[in-house]
Amino acid sequence: MSPLTYILGWPLLGAALVALTPRNYRFVIRTVALFTTLVSMLLAVKMFVQFQTGIATPQFVQKVPWVESLGISYYVGVDGLNVGLVLMGAIVAFAATCMSWEIKTREKEFYFLLLTMISGILGAFASLDIFFLYFFHELALIPTFIMIGVWGRGEEKNYATFQITLYLTIGALLALVGLIVLYIQSGAQTFDMLELTRHIQANPLSVNAQNLIFPFLLFGFGILVSLWPFHTWAPLGYGSAPTPTAMLHAGVLKKFGLYGLLRLAFPLLPDAAHGWLNIIAILCLGNILYVGLVAIRQKQLHMLIGNSSVAHMGFIFLGLASLNLVGVTGAVVIMVAHGFLAALSFGLGGYLFQATGTFEMKEWGGLMKKMPFIGAAFVMAAMAGCGLPGFANFVGEVMVFFAAWKTFPVATIFALWGGLVIGAVYMLRAVRAVAHGPLPGKWAELTDAGLWRKVPFIILLGSLIIFGCVPRLLTDKIRPNAEEIVKMATRTAAPKIEPVTVGLGK
Amino acid sequence: MFGNPETLAWLILFLPLLSAVGITLFTQRQPKVSALISIGAVALSFVLSCALFASLPLDKGLHEIAFQWLSVGNLEVSIGARLDGLSLMMLLVVTGVGGIIHVYSYGYMHDDASFSRFFASMSLFTFSMLGIVLANNFLQMFVFWELVGVSSYLLIGFWYERASAADACKKAFITNRLGDFGFLLGIIMVWAAAGSLNFAQLEQRFASSPEVMGAMATVAGLLVFCGAMGKSAQFPLHVWLPDAMEGPTPVSALIHAATMVAAGVYMLCRVFFMLNAPALEIISWIGGFTALLAALIAVQQDDIKRILAYSTLSQLGYMIMAVGLGGPTAAMYHLSTHAFFKALLFLGAGSIIHALHHEQDIWKMGGLKEKMPVTFWTFILGTLALAGVPPLSGFFSKDEILAAAYHHNLFLFALAVIVAVLTTFYMFRLVFVALLGKARSQAVAHAHESPGVMKFPLLILAVPTVLAGFWSIDGLFNRQFGAETSAHASNWISQIFAPFNHAPAAALAGIGAVIFGFSLALTCYQNAESDPLPKKLGFLARAMRNRFYFDELYAGLIRITQEFLASIADFLDRWIVAGLLVRGTHGTTDIAGRALRLVQTGNLQTYAFLFAAGVALVLLIVLGK
């Protein structure tokens with residue numbers, strides 16, 4: 001059996017065990033959850049270390065046919081595109097489980113849903129079969145809604161639940177329609193991604209069919225990633241979600257849309273994709289500039305973090321739209337880096353909320369004095385968020401900037417402004433309001449996190465720093481597959497047109 | 001093992017990083033140990049830098065070592081060390097002056113609760129600065145450039161619980177980011193056009209085909225200069241430096257006198273090959289303007305550290321102007337000597353502030369000559385060197401800049417001489433008011449000389465302040481960048497007179513400026529009770545005192561641009577996108593739900609019909625193309 005089956009199986013086993021445990025055995029429930037996610041994380045680390053760089057074929061594969069007539073099989077494996085995501089997902093999953101101490105009511109149900117969600121997330125990124133890709137995604141998505149609705153916080157909880165459910169369901173539905181049409185149109189009779197890819201490479205889809213399918217995938221997956229202007233569900237939804245849920249969704253599950261675009265939409269529908277590149281480049285500026293500016297105005301920390309997380313998606317879209325090796329590799333690096341970062345910032349925000357009972361930044365100030373560790377971690381998260389070298393986000397962002405310059409010079413200038421200046425403004429504003437300045441008297445009793453509470457933050461910070469200082473751990477693995485994707489996505493049937501820079505020309 | 005230049009260079013670079021990490025992780029609670037680790041690391045780096053300097057034959061081209069950090073497609077980035085005269089001299093300045101300041105800090109910070117954090121940040125800063133100095137490619141320089149930015153953020157905001165310090169560090173970081181925005185854009189342009197980030201390869205490419213950048217040459221050069229504008233605090237990004245004086249005084253000496261602010265000048269010299277004539281012209285004007293502006297502001301400041309801060313700005317303007325006019329030699333020469341005497345002045349100011357229990361207003365000092373003789377006399381030496389009195393080091397380096405201006409641009413030459421007058425004037429204003437005369441406050445009565453650990457750094461720094469003019473530092477840079485000045489004199493007596501032989505007008509103008517400035521200060525401030533200038537100059541003095549209202553102007557600009565846009569975006573997001581559209585959809589869905597409820601008849605046949613119709617519709621769409 002593939003280690004991937006264990007990686008996604010352990011949390012599922014944990015969910016089953018939690019379901020069987022009586023609800024007042026809280027210690028047992030928590031231990032089961034922590035243990036299974038820890039094992040899953042260690043296995044993911046081992047797999048990442050053993051992963052062979054330099055080859056594009058998937059590794060650690062396992063294929064079990066399921067519905068042969070339709071070509072559906074349980075098929076897992078990792079290549080350069082998803083090995084980092086699976087690792088990141090497993091690490092964030094463990095950190096989120098650690099952060100679940102804040103849940104005090106109906107713990108049994110919560111941990112059951114959490115472990116199911118984790119298993120779904122890891123399954124979605126490990127699957128090489130489109131059916132299971134989608135199935136696992138839904139398996140992770142539905143618990144998200146329930147968790148926000150039941151354990152969420154804040155006055156707008158119900159509206160937030162409603163909004164996030166509506167948006168994400170529509171997004172997932174659009175993507176599903178696109179995928180089904182793609183399946184039918186290809187005529188390959190298989191949900192196996194690799195085979196489908198081979199088949200379509202040999203018999204490309206007609207341009208009309210591509211033009212029909214691509215918008216479904218772009219906007220379906222785009223909504224899942226909070227592509228501007230379909231982004232308003234994200235800040236509010238994350239702000240209202242319990243901390244572990246926000247960490248998992250913003251960090252990991254959200255990347256599913258990008259992963260789908262990268263893995264399926266761009267390489268399988270190259271002709272249609274080309275017509276949309278300029279539009280993607282414009283929309284991503286909506287994320288980077290517009291949402292960045294919105295973040296500047298936020299008065300509550302969770303809204304600021306939520307908006308900043310939406311803004312960061314813009315860099316990934318820009319990298320994908322530049323459609324060259326450096327840009328695509330950079331986009332995948334940001335996907336991984338942002339996962340760690342989003343989990344870290346939402347975790348810290350949640351910790352501060354638990355300690356003080358508020359998200360209003362003006363209520364805080366000088367918390368560094370009482371909480372040196374949390375304060376320092378907060379400063380580091382803010383620095384990583386505004387693209388400081390040494391953290392993994394910088395590597396990805398700088399690659400995207402270099403890559404996008406030749407195709408979208410004007411968009412690159414704006415993106416640089418958004419990344420270097422706007423990002424710094426709202427991040428430092430948050431640090432100034434939260435950690436620096438005089439300490440209000442009412443927080444004189446606050447204490448710093450104990451050793452166990454520090455664990456998730458240390459793990460996440462460590463991951464950001466390791467990949468930030470030794471980026472080749474990621475880039476060398478991504479490169480062969482990114483090369484393949486770029487080759488497929490730029491091999492158009494129509495006469496090759498350089499992406500015209502409508503409205504963005506030199 | 002240690003004879004190998006490769007090992008030496010890596011050790012020099014990574015020792016301070018090890019110290020920063022070690023202190024952060026292990027010795028937070030043992031302040032003395034932390035200080036020893038940090039001081040030891042930078043001292044060892046200095047010793048190794050000396051060894052490296054001695055062992056490398058500098059006239060035989062450059063040595064370059066590197067390992068690959070990132071390699072994807074045509075983007076190749078290494079972390080390396082480029083060893084040539086420029087970087088080796090800078091290594092010595094950074095580790096030498098930096099080391100002395102580390103020792104001094106041990107005394108200055110001794111009763112601070114976060115002693116360990118201070119030394120960890122100092123080590124981090126030293127590491128970042130050495131990374132800039134050794135960088136062999138553009139992106140490495142940018143990486144360490146940003147790290148310098150963040151470590152200065154940590155040091156300026158060291159006393160973060162003070163609102164003023166917390167605001168100052170934020171302002172410094174964001175202002176620097178504005179410059180870095182241009183810098184990175186410039187780097188990307190160079191990479192896109194010339195296909196490399198490595199300095200040596202770029203230099204070759206620019207030499208073999210000067211038109212490689214095409215029409216973008218000037219723009220790219222100026223964008224890269226934006227980075228220097230931020231770090232070296234040139235107009236219009238100069239506003240952060242005076243506020244940065246909120247940090248502890250040793251930090252001001254290290255970052256805002258000797259090293260960080262010099263990084264901009266250093267970087268321009270490093271990439272001098274890519275700057276074309278129009279870009280250099282603009283650079284020299286910005287430098288000259290900054291020099292004048294800052295000198296004028298310095299004349300009316302009352303805070304001892306702010307006077308020195310504006311003086312630093314003004315001297316940096318000199319160096320930037322020199323790069324624009326004559327090339328790197330004069331600029332780097334002045335950078336080196338300035339690092340010595342400005343660090344001395346800052347540490348002297350720190351010694352005074354320390355003795356007066358954190359009093360920084362010069363009108364509350366006075367009469368320190370007898371109380372603090374060592375501080376007094378070394379401060380006088382620093383002042384003389386800064387004013388450019390022969391034969392102190394500042395005279396020679398400033399003279400090279402004046403000579404360069406004299407040869408290339410007479411208007412800037414006149415401007416530079418005016419700045420020299422102002423420099424002497426505000427420095428002797430400081431000396432007459434703060435050091436001489438009678439005691440102006442109670443605090444002075446209890447003042448006494450600082451302890452040895454703070455005194456000896458002053459004495460050590462006084463040596464190069466006096467003598468650095470005879471060490472032919474400029475000769476070292478001349479060898480690398482080609483001689484702008486004539487061949488160097490052989491013995492020290494002829495060295496004193498070399499400036500007068502080479503460009504007598506410049507040398508005489510420099511000395512004239514000193515004499516004129518000194519006599520002005522003497523008439524205005526000898527035994528003065530209060531500042532006579534506001535009455536004499538009226539509005540001009542008020543504008544100078546208020547820094548020509550740049551901070552207010554920028555605050556207004558930010559309000560009407562960024563804040564305005566942000567509030568529009570926020571409004572749209574809150575009321576249009578989230579409000580109308582989404583809540584509107586909510587309403588529509590509600591109506592649709594009511595409508596669809598009519599379809600839910602419970603009748604199986606109706607369902608079957610609707611299902612079949614749906615399938616037919618999908619098939620029609622899919623197949624009927």
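**Reading burial, contacts and an interface**

Reply: In this predicted model, A:E397 sits in helix α17 (residues 392-407) of chain A, where helices (H or I, at least four residues) and strands (E, at least two) are DSSP runs, numbered from the N terminus. Residues are numbered from 1 along each chain as its sequence is written, and chains are lettered from A and ligands numbered from 1 in the order in which they are written. Local features need pLDDT of at least 70, side-chain atom pairs count only at pLDDT 80 or more, and totals for chains, interfaces and linings use all residues.

Me: Why does A:E397 count as buried?

Reply: A residue is buried if 20 or more other C-beta atoms, placed from the backbone, lie within 10 Å of its own, exposed if 12 or fewer, and partly exposed in between. A:E397 counts as buried because it has 28 C-beta neighbours inside 10 Å.

Me: Which residues is A:E397 in contact with, leaving aside its neighbours within four places in sequence?

Reply: Two residues are in contact if their C-beta atoms, placed from the backbone, lie within 7 Å. With those neighbours left aside, A:E397 contacts A:F315, A:I334, A:G387 and A:G419.

Me: How many residues does the contact take from chain A and from chain B?

Reply: The contact takes 45 residues from chain A and 36 residues from chain B. On the side of chain B that touches chain A, α6(B) gives the most, with 14 residues.

Me: Where is B:H357, and is B:H357 buried or exposed?

Reply: B:H357 lies in the loop between α14 (328-355) and α15 (368-371) of chain B, and B:H357 is exposed, with 9 other C-beta atoms within 10 Å.
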